[in-house]
Amino acid sequence: MTKILIADDESNILMLLEIMLREPDVTILSAQNGDEAFTIAKKEKPDLIISDVVMPKMNGFELCRNVRNEDPINETPII
């Protein structure tokens with residue numbers, strides 16, 4: 001099963017991406033800020049992270065930096 005983590009503070013964008021990426025063998029995880037996304041990423045170890053740049057608590061650049069410094073998720077592709 002593939003896991004995709006979507007991080008965006010706009011609930012409409014989260015919902016739209018969840019609908020667009022919905023597949024039988026894909027689990028969609030969502031977070032409303034970078035801090036929440038980082039916590040989920042450490043716990044769930046997604047196969048892909050899709051992130052907004054401008055978010056509260058931790059922006060997309062900080063999220064990328066933190067993911068790249070965290071084993072074992074440091075190789076996770078980020079869009």
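**The α2 and α3 packing**

Author: α2 passes α3 in a right-handed crossing, where right-handed means that the near helix is turned clockwise from the far one by less than a right angle. This is a predicted model, in which local features need pLDDT of at least 70, side-chain atom pairs count only at pLDDT 80 or more, and totals for chains, interfaces and linings use all residues. Residues are numbered from 1 along each chain as its sequence is written, and side-chain values use heavy atoms, with hydrogens and water left out.

Helices (H or I, at least four residues) and strands (E, at least two) are DSSP runs, numbered from the N terminus. Helix α2 covers residues 34–44, and its axis lies 9 Å from that of α3 at an angle of about 20°. Axes are lines fitted to C-alpha atoms, for helices over the stretch in contact, and angles run from 0 to 180 degrees between N-to-C directions. The two helices are therefore roughly parallel, a term for angles under 35 degrees.

In terms of contact (heavy atoms within 4.5 Å), Gly34, Ala37 and Phe38 of α2 meet Leu63, Asn66 and Val67 of α3.

Helix α2 also lies across β1, β2 and β3, running at about 145° to β2. These strands form an open sheet in the order β2-β1-β3, with parallel pairing; strands pair if DSSP finds at least two bridges between them. β2 (26–31) and β3 (48–51) are at the edges with a single partner strand each, so one side of each has no neighbour in the sheet.

Conventions
Angles under 35 degrees count as roughly parallel, over 145 as roughly antiparallel, 65 to 115 as roughly perpendicular and the rest as oblique.
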